[in-house]
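Me: I would like to learn how to read helix packing and pockets in a model of this kind. Could you take me through the features one at a time, giving the general idea before the particular case?

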Amino acid sequence: MYNNGSSENNHHKSVFGDPSVWPYHNFINGARDKAGNFVQFAPKLRSAGGSFDPNEWAQLFADAGARFAGPVAEHHDGFSMWNSSVNEWNSVARGPRLDLLRLHADAIRGKGLRLFVSLHHSYNFTGFYQWVPAQSDNSLKKLYGQLGAAAEQQLWYDKLREVIDGYQPD
């Protein structure tokens with residue numbers, strides 16, 4: 001969405017506005033698009049009136065004959081899907097306000113499957129946000145992979161420790 005002239009950038013500009021005014025973190029925190037619609041990446045559990053049910057997902061994997069399954073605990077966008085103490089950009093503190101990794105882990109293990117967890121943090125600071133303007137706010141630097149190599153590697157390590165210690169993937 002930040003690569004000027006790309007199809008993603010053109011779409012973003014037409015629906016949300018220029019990324020310099022309507023940045024990526026608006027999807028996490030929630031904001032109004034150009035048409036006035038509130039937009040936020042925040043799934044709601046079916047039990048809360050939404051359409052997200054981690055038990056349905058786990059059942060789908062079990063029905064397919066899987067012996068293991070697992071979520072992407074963090075894609076390369078810097079947003080952690082667990083209750084992170086090292087990353088304030090997480091799904092418990094913002095967005096859905098749910099520990100999505102815990103919900104998936106419990107559902108997967110509840111079906112007798114082994115749990116794996118995938119983290120793509122490295123690409124957060126090695127290329128995903130290469131077109132994002134430099135941030136001055138330290139929290140936004142963390143989200144957009146602009147902390148510098150040593151700090152990014154330490155953050156990655158700290159996230160891995162949280163996931164391994166807190167969720168104990170198989």
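This is a predicted model: local features need pLDDT of at least 70, side-chain atom pairs count only at pLDDT 80 or more; totals for chains, interfaces and linings use all residues.

Me: Which values describe how two packed helices are arranged? And what are they for helix α5 and helix α7?

Reply: In general, a packed pair is described by the angle between the two axes together with the distance between those axes. For helix α5, which spans residues 121–128, and helix α7, which spans residues 149–167, the axes come within 9 Å and cross at roughly 160°. An angle over 145 degrees counts as roughly antiparallel, and α5 and α7 are therefore roughly antiparallel to each other.

Me: How should I read the pair α3 and α4, and at what angle do their axes cross?

Reply: The axes of α3 and α4 cross at roughly 40° and come within 8 Å, and that makes α3 oblique to α4. The crossing of α3 and α4 is right-handed. In this contact Pro54, Asn55, Trp57 and Ala58 of α3 meet Leu103, His104, Ala107 and Ile108 of α4, and by class the residues divide into six nonpolar, two polar and no charged.

Me: Which residues does α4 use in its contact with α7, and how are the axes of α4 and α7 placed?

Reply: The axes of α4 and α7 come within 12 Å and cross at roughly 40°, so these helices are oblique to each other, and their crossing is right-handed. From α4 the contact takes Leu101, Arg102 and Arg109, and from α7 it takes Val163, Gly166 and Tyr167. Those residues divide into three nonpolar, one polar and two charged.

Me: Let us turn to the pockets. How does one find where empty space is left, and how much space lies in the largest pocket?

Reply: The general idea is to roll a probe the size of a water molecule over the atoms, which shows where empty space is left. In this model the largest pocket holds about 380 Å³ of space. Its lining comprises 19 residues, and those nearest the centre of the pocket are Pro43, Val72, Met81, Leu100 and His104. By class, the lining of the largest pocket has 16 nonpolar, two polar and one charged residues.

Me: Which elements each supply at least two residues of the lining of the largest pocket, and which gives the most?

Reply: At least two residues each come from α3 (54–63), β4 (72–74) and α4 (100–110). The most is given by α4, with four residues.

Me: What lines the second largest pocket?

Reply: The second largest pocket has about 200 Å³ of space. Its lining includes Met1, Tyr2, Asn3, Ser6, Tyr24 and Asp77, together with Phe128, Tyr129, Gln130, Trp131 and Val132. These lining residues divide into seven nonpolar, three polar and one charged.

Key: Residues are numbered from 1 along each chain as its sequence is written. Side-chain values use heavy atoms; hydrogens and water are left out. Axes are lines fitted to C-alpha atoms, for helices over the stretch in contact, and angles run from 0 to 180 degrees between N-to-C directions. Angles under 35 degrees count as roughly parallel, over 145 as roughly antiparallel, 65 to 115 as roughly perpendicular and the rest as oblique. On a 1 Å grid over the protein atoms alone, a cavity is a set of points where a 1.4 Å probe fits but cannot get out, and a pocket is an open set with protein on both sides within 12 Å along at least five of seven lines; lining residues have an atom within 4 Å of a point. Grid points are joined across faces, edges and corners, and a volume is the space filled by probe spheres set on the points. Ala, Val, Leu, Ile, Met, Phe, Trp, Tyr, Cys and Pro count as nonpolar, Asp, Glu, Lys and Arg as charged, and the others, Gly among them, as polar. A crossing is left-handed if the near helix is turned anticlockwise from the far one by less than a right angle, and right-handed if clockwise. Contact means heavy atoms within 4.5 Å.
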